[in-house]
Amino acid sequence: MFGYYIDLAWRSLRRNKVLTALMVIAIAVGIGASMTTLTVMHLLSGDPVPTRSGTLFYPQVDPDPSPTASHQPYDVMDYRSALDLWNAHRADRQAMVTSSQLRLTAPQVNLPPLMAQMLSTTSDFFPMFDVPFRYGGGWTAQDDENRARVAVISSDLNNKLFNGADSVGRTLRLKDADVRIIGVLAPWWPSPQFYDVAGGRFSNGDTAGFYSRPEDVFVPFQSSLEINAGGFQPFTCWSMPGDPVHLQNSPCVWVALWVQLDSAAKVGSYRRFVADYATQQKALGRFVHADNTQLRSLMGWLDFNQVVPSDVRLQTWLAFAFLLICLFNTVGLLLAKFLRRAGEIGVRRALGASRAAVFAQCLVEAGLIGLLGGAGGLLLTLFGLWLVRSQPIEYADLVHLDTTMFLATFALAIAASLLAGVLPALRASRMTPSLQLKTL
Amino acid sequence: MDILPILSTLRRHKLTSWLLILEIALTCAIVCNAVFLIGQRLQRMDMPSGVAEHELLQIQVADVMPPSNPYTRLAEDLAVLRQVPGVLSVASSNQVPFGSSSSNGNIMLDPTQRERTLNAGTYFGENLAQTLGTRLVSGRDLQPDDFVDVDTAMKALGTGDSKGLPHVTLITRTLAERLWPGQNPLGRIIYLAPEVGLRVVGVLDSLARANAYDAAKAQYTMVVPLRMGANKDQSYLIRTRPEDRASVMAAALAALKKADPQRVVTTQRSFDEVRRKFFQDDRAMAGMLVGVIAALLIVTALGIVGLASFWVAQRRRTIGVRRALGATRRNILNYFQTENFLLATIGIALGMVLAYGINLFLMLHYELPRLPAVYFPVGAIVLWLIGQVAVLGPALRAAAVPPVVATRSV
């Protein structure tokens, strides 16, 4: 029966090619626009650590001693608070992070020095965020303590310096210090680059920078402070820093802390721990706003920073409004098409087809248009994504169509066309056969 | 033209008529708002920088070996650049307008104030106002003896010794007007910290900040007489004639490389590129909106063509009868044109309400201003025109129906 309906629908579509083409184009354009923006949204609002984002948390305290309370603690922490909380080792895993720029050269490699982004972090960073390694591995807690001169480098940097060869054991010169490479990452590009996200609420929706590539080189936190002294930029300062080279005791915030808490009970107790720490610091006279602490989940922190650029959100709204108009268009055209076939439908009804059969037949035709529109929409989506990729934006290279979105394109196209077909099909199936037969 | 018969016909095709009306309404609402958004973006891209944009070059270098004395190194670099043929003026700066990477300070009007009055972009570096080409509207420019080394100032801040701190500043006219509305700002003092009071000695016509995301605060800037060393994130700014920019840039880079072959050039661009990069998102968005508007109008026009064709085909016999009873081709043509005009008018009226609603939503979520009323008549005219153009083909086909159709198959 279904096959027969498809055959009927196909004949009907071929009978009026212009009208069919108009409908298919309308659906294809609508689908193309909405799937392009939806794919970008899907990539930008996705979970950067799908395996364990539910267990990652971001503590914040308020070290600002000015008497007026701010509504939110600073986006990152001062060195001392971060170090104290990290040293307590009260979470299942914990990593301090801060990013800085420095000059990088590789002895024995004939390349000019380059300015590289360095992530200063601690040993838990790699297992905690499921960072994939190509060669070697991360450093140990012992290395953190010993201020070992070791480094993990990104796959991009390894390709650039060593043509992708196993560079474990080779030496890099960071500023004026030599470090030994102990690990090379496999290609890794979390979207967004969540562990560096901060300050999103001050960026006026211009958050494309959160989707840039991870740093080129990862170095134990204390070692990096020695290596790149003076190269660290504070996120902000609550008063003028006296010593711009050593930020450790400055009135500035510049270090983020991430913790992994494997159960709800641990989250509760860590929340209390952070609050207790703030109270204790207040007693010591270092904090004024001890009650201003936060422990946000990873996804909560990303939401708070509104990581999806506002332009992308606006584009998605626009694309769906566009799809809606295309749908109205298709409803009108389908209605025109079905009502025009009143005579034919009258004959079928007179010969014994039930209303349900006519309705089903009309819907099959609408679905077929959706399928064709979906195919066209897929091509337009690929074209749209190519356009996005050619834009000079940080996330351009991330944009691609994955299987989910590929299937979603067809699902959306068929769902949209079926939705558009319901009303015309109902109208067609409600026609009185006698009236139509009389006019034949 | 009789409207009543058209209305009674439309009443028989309620569903299709309403679909067309809704499509036009939605298109009208979205086109009005999209055009408005484009206008907003274009206006943003026109944001004044206050500097001689077509005459400026920016170079940033990072030294491989830290210079033994960063201040002499910076002075040497500036001297080297000044020697380059075609260079009119050279400055060092901690930031450039629209450069994204910014340095800002909290301004207070009273050293005992708890909350800052506002946050302003703080420029420092030598010879800045002159090289940038920003005009001094009153007071004087910074003099060499106003300048203090950054590190000295930092140390002075630590020890509380006011001698090592800068004492004067230049501010923009907008900032002066915001701080002391209607008053003479010269001689007044602003505080960056309770210990750091700066006397306003000059007022600049205009100077945008590096992070000019908010147009209202884009001109909140000041120039502080701090001398930077070559070990900071400093930029060298070169003023030259517009036509010499490419050659001066090449020569300047060569000269800097010659002074220290080991150094890395991290930034080299003209100010035109700075502006282009800062506003690239706005340009991309405006381009996308233009594409959406075009696609929307085409889809709507195609929808009108499709439905009108259907109506013409459906009413072929009626048209034949009317023609047989004496209606001219022009009458038939006018009939379909008027019908479309009526539908478009209802759609536009609905669309206006919807456009206003969408604008309210955007105002809530995207901090946009209210949609100016001028967009409504423009949107209406565009949609009327599109409707008339789209219906012309089917209407002409209707007008071509011969009267003899009336006699067939009745």
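**Salt bridges and a sheet in chain B**

Start with B:Arg275 and B:Glu53: their side chains meet in a salt bridge, 2.7 Å from N to O. By salt bridge I mean a side-chain nitrogen of Lys or Arg within 4 Å of a carboxyl oxygen of Asp or Glu. The pair links distant parts of the chain, 222 residues apart. B:Arg275 is in helix α8, and B:Glu53 is in the loop between α2 (14-45) and β1. B:Arg275 is buried at 16% relative accessible area. B:Glu53 is buried too, at 12%. Buried is under 20% relative accessible area, exposed over 50%, partly exposed in between (1.4 Å probe, protein chains only).

Ground rules. This is a predicted model: local features need pLDDT of at least 70, side-chain atom pairs need 80 or more, and totals for chains, interfaces and linings use all residues. Residues are numbered from 1 along each chain as written, chains are lettered from A and ligands numbered from 1 in written order, and side-chain values use heavy atoms, without hydrogens or water.

Now the sheet. In chain B, four strands form an open antiparallel sheet, ordered β2-β12-β1-β13. Strands are DSSP runs of E, at least two residues; helices are H or I, at least four; both are numbered from the N terminus. Pairing takes at least two DSSP bridges. The edges are β2 (87-93) and β13 (264-270). Six bridges join β2(B) to β12(B), residues 235-240. B:Val87 stands opposite B:Thr240.

Back to charges. B:Arg241 forms a salt bridge with B:Asp244, at 3.3 Å. B:Arg241 is partly exposed, at 38%, while B:Asp244 is buried, at 18%. How many salt bridges are there over all chains? The search finds 30.
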